[in-house]
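Trainee: Could you walk me through this structure slowly, one topic at a time?
Mentor: Gladly; have a look at it first, and then ask whatever comes to mind.

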Amino acid sequence: GNEKANGAFTFLDGTSLWDDYVVSFKNRGDLEKSDLAIIARFKDTKHYVECLYSNNFISIQQIEGNQKKQIARSSQGYNFTLPGTVLSVGVVGDSIGCFVDNTLVVSSKGNFPKNGGPALSLWNGSQGSISFESVQRKYV
């Protein structure tokens with residue numbers, strides 16, 4: 001979207017039963033400076049785990065009910081707005097990993113939902129346009 005966003009979700013319909021997967025998004029170059037979340041195991045807006053991508057850090061947060069808790073955080077951020085940058089999230093069993101250009105940046109284990117699809121969200125009142133060239137799912 002091209003609007004100011006505060007967490008609206010864009011999700012892949014038909015993915016609610018996905019369990020272990022890696023999903024990758026390749027930036028086509030339309031993404032302005034924004035904070036972006038790639039959500040995994042999305043059950044509903046109160047049950048999921050996410051990788052938050054910021055220029056200052058990348059972190060993993062788990063959302064359960066009305067509580068959001070950070071469970072891991074990288075010490076650096078990345079300029080993921082560069083055209084061609086690939087952002088990925090992998091979930092296998094009780095583990096999640098956040099990747100930039102196929103390099104694992106931060107990972108953690110937790111009591112995450114057992115299944116649920118991927119989603120995208122702008123957060124922190126970011127402005128920008130999200131347009132991705134490709135979305136790929138890998139079975140693991």
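What follows is our conversation about its strands, its cores and its paired side chains.

Trainee: Before we start, what kind of model is this, and how are residues numbered?
Mentor: This is a predicted model, in which local features need pLDDT of at least 70, side-chain atom pairs count only at pLDDT 80 or more, and totals for chains, interfaces and linings use all residues. Residues are numbered from 1 along each chain as its sequence is written, and side-chain values use heavy atoms, with hydrogens and water left out.

Trainee: OK, how many helices and strands does the chain have?
Mentor: The chain has zero helices and 11 strands, where helices (H or I, at least four residues) and strands (E, at least two) are DSSP runs, numbered from the N terminus.

Trainee: And how much of the chain is buried?
Mentor: Of the 140 residues in the chain, 49% are buried; buried means under 20% relative accessible area, exposed means over 50%, and partly exposed is in between, using a 1.4 Å probe and protein chains only.

Trainee: Which strands does strand 7 pair with?
Mentor: Strand 7 pairs with strand 2 (residues 21–27) in the antiparallel sense over six bridges, and six bridges also join strand 7 to strand 8 (residues 95–100), again running antiparallel. Two strands count as paired if DSSP finds at least two bridges between them.

Trainee: What sits between strand 7 and strand 8?
Mentor: The two strands form a hairpin with two residues between them, and Gly93 in that turn has a positive phi of about 55 degrees.

Trainee: Changing topic, which cysteines form a disulfide?
Mentor: Cys51 and Cys98 do, with their sulfur atoms 1.9 Å apart, and the structure holds one disulfide (a pair of cysteine sulfur atoms within 2.5 Å). This pair links distant parts of the chain, as Cys51 is in strand 4 (residues 47–53) and Cys98 is in strand 8, 47 residues apart.

Trainee: Are those two cysteines buried or exposed, and why is the disulfide given a handedness?
Mentor: Both Cys51 and Cys98 are buried. The torsion about their S-S bond is about -85 degrees, so the disulfide is left-handed.

Trainee: What about the nonpolar core, which residues touch the most other members?
Mentor: In the largest nonpolar core, which has 23 residues, Tyr53, Ile60 and Ile96 touch the most other members. Strand 2, strand 3 (35–44), strand 4, strand 5 (58–64), strand 7 and strand 8 each supply at least two residues of this core. By definition, a nonpolar core is a set of buried Ala, Val, Leu, Ile, Met, Phe, Trp, Tyr and Cys residues joined through side-chain atoms within 4.5 Å. There is also a second, separate core of seven residues, and Ala37, Ile39, Tyr48 and Ala119 are included in it.

Trainee: What does Ile96 touch?
Mentor: Leaving out residues up to four places away in sequence, Ile96 touches a list of residues that includes Ala40, Val49, Cys51, Val89 and Phe112, where contact means heavy atoms within 4.5 Å.

Trainee: Last topic: how many salt bridges are there?
Mentor: The count comes to two, a salt bridge being a side-chain nitrogen of Lys or Arg within 4 Å of a carboxyl oxygen of Asp or Glu. In one of them the side chains of Asp20 and Arg41 meet at 3.0 Å, N to O; Asp20 is in the loop between strand 1 (9–11) and strand 2, while Arg41 is in strand 3, 21 residues apart.

Trainee: How accessible are Asp20 and Arg41?
Mentor: Asp20 is partly exposed, with a relative accessible area of 23%, whereas Arg41 counts as buried at 1% relative accessibility.

Trainee: And which side chains meet at 3.7 Å?
Mentor: Those of Glu50 and Lys68 meet in a salt bridge at that distance, N to O. Glu50 lies in strand 4 and Lys68 in strand 6, so the pair ties together parts that are 18 residues apart in sequence. Glu50 is buried, with a relative accessible area of 3%.
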